[in-house]
Amino acid sequence: MSHYDVLCIGNAIVDIIARAEDDFLRENGIIRGAMNLIDMERAELLYERMGPAVETSGGSAGNTAAGVASFGGTAAFFGKVADDGLGRIYRHDIRAQGVAFDTSELAGTPPTARSMIFVTPDGERSMNTYLGACVELGPEDVEEDKAAGSKVTYFEGYLWDPPRAKTAIRDTAKIAHAHGNEVAMSLSDPFCVDRYRDEFLELMRSGTVDIVFANEDEAKSLYQTADLETAREALAEDCKIAIVTRSEKGSMIINGGGAHTQIDADPVDRLVDTTGAGDLYAAGFLYGYTSGMDMETCGRLGSLAAGIVIQQIGPRPQVSLRQAAIDAGLIRG
């Protein structure tokens, strides 16, 4: 049996990142700060109109897997790419970062997913995603040895859009729980929560999901409330552990018993690009959690990773998160 700290399941997407002004977003009908699903025609149009860009492997859960590996943890990934140029870039990048990625490639169409990400001067990112080959991830792609041998299986809420992926996630969760492991999910986006509120709540209340990651807007959207305290109390009822990230206000870790721990955000010298902040927070937290650390240290590792990634372009860590954690006195060298 394979043994991993974290198995991540998500959309395998190549990010194409460019700077843009708010006027550009308005002129092109882009919803600011959201993840907009688009078709291939729209993807080609936006690609033509965008300025100089950086191409980098992304996808929410893939970023988390890369972050866990950067901390020195062991990570695996399930995600679908096509047998094309972008697919080869994605496979190379995630493996080079130390993540086990063995999902079979899709032959033919649709092509590998790509997301046009426009970063405004305040660092906010607006994503326009063509899912392409991602939608072909299915139950046949579940590798039982990885599902059984990972301490935590983590999947992104974005992956709830393609129907066959739901079956793959549920199958993986059954295997994980049968072997005494846990399952975590990210709510991903307020619009994603609006689409699947009832299903996400069922995943939590049925025990399919043990740990939930959300930002403040997603948590409020899940319970259709404008009050964070109301959302916090509901999360405490519905899952074993919930983490709510609050940007510069830090984060809140909620135990099922109702107790919560407040974590400060790490200081940031210069905000460059918020892409991947939540993904890397999850990486830090899950690395600490699967290493047996206390909740406060898990949260501080999450804040550290998020604080580092928002000071660079792109969602994958460009420095060793393990060394950063050693330097911060959070783990031993």
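Figure 1. Cys 8 has Tyr 154 of β9 as its bridge partner. This is a predicted model, in which local features need pLDDT of at least 70 and side-chain atom pairs count only at pLDDT 80 or more, whereas totals for chains, interfaces and linings use all residues. Residues are numbered from 1 along each chain as its sequence is written, and side-chain values use heavy atoms, with hydrogens and water left out. Strand β1 (residues 4-9) and strand β9 (residues 150-156) run parallel and are joined by five bridges. Strands are DSSP runs of E of at least two residues and helices are runs of H or I of at least four, numbered from the N terminus; two strands pair if DSSP finds at least two bridges between them.

**Figure 2. The nine-stranded sheet is open and mixed.** Its strand order is β6-β5-β1-β9-β10-β11-β12-β13-β14. At the edges lie β6 (99-101) and β14 (260-263), each of which pairs on one side only. From one strand to the next the twist averages 20 degrees. Helix α4 (residues 85-96) packs on the sheet and touches β5 (75-78) and β6, its direction making about 145 degrees with that of β6. Helix α9 (residues 228-238) also packs on the sheet, where it touches β12 (241-245), β13 (251-255) and β14; the direction of α9 makes about 35 degrees with that of β13. Angles run from 0 to 180 degrees between N-to-C directions, and axes are lines fitted to C-alpha atoms, for helices over the stretch in contact. Contact means heavy atoms within 4.5 Å.

**Figure 3. Strand β10 is mostly covered.** Five of the five residues of β10 (residues 182-186) are buried, that is, under 20% relative accessible area, as against over 50% for exposed and in between for partly exposed (1.4 Å probe, protein chains only). In a regular strand the side chains alternate between the two faces of the sheet. In β10, Glu 182, Ala 184 and Ser 186 point one way, and Val 183 and Met 185 the other way. Five bridges join β10 to β9, and the two strands run parallel. Val 183 in β10 stands opposite Thr 153.

**Figure 4. Ser 115 is buried in strand β7.** Ser 115 belongs to β7 (residues 113-119) and has a relative accessible area of 1%. The bridge partner of Ser 115 in β8 is Thr 129, and a polar contact of 2.9 Å joins the side chains of these two residues. A polar contact is a pair of N or O atoms within 3.5 Å; within protein, one must be able to donate a hydrogen and the other to accept it, and residues adjacent in sequence count only if both atoms are side-chain atoms. Apart from neighbours within four places in sequence, the contacts of Ser 115 include Ile 13, Val 14, Asp 15 and Ile 16. Strand β8 (residues 125-130) pairs with β7 in the antiparallel sense over six bridges. Both belong to an open sheet of five strands in the order β3-β8-β7-β2-β4, with mixed pairing.

**Figure 5. Helix α3 is largely enclosed by the rest of the structure.** Eleven of the eleven residues of α3 (residues 60-70) are buried, among them Asn 63, Thr 64 and Val 68. After α3 comes Gly 72, with a positive phi near 100 degrees.
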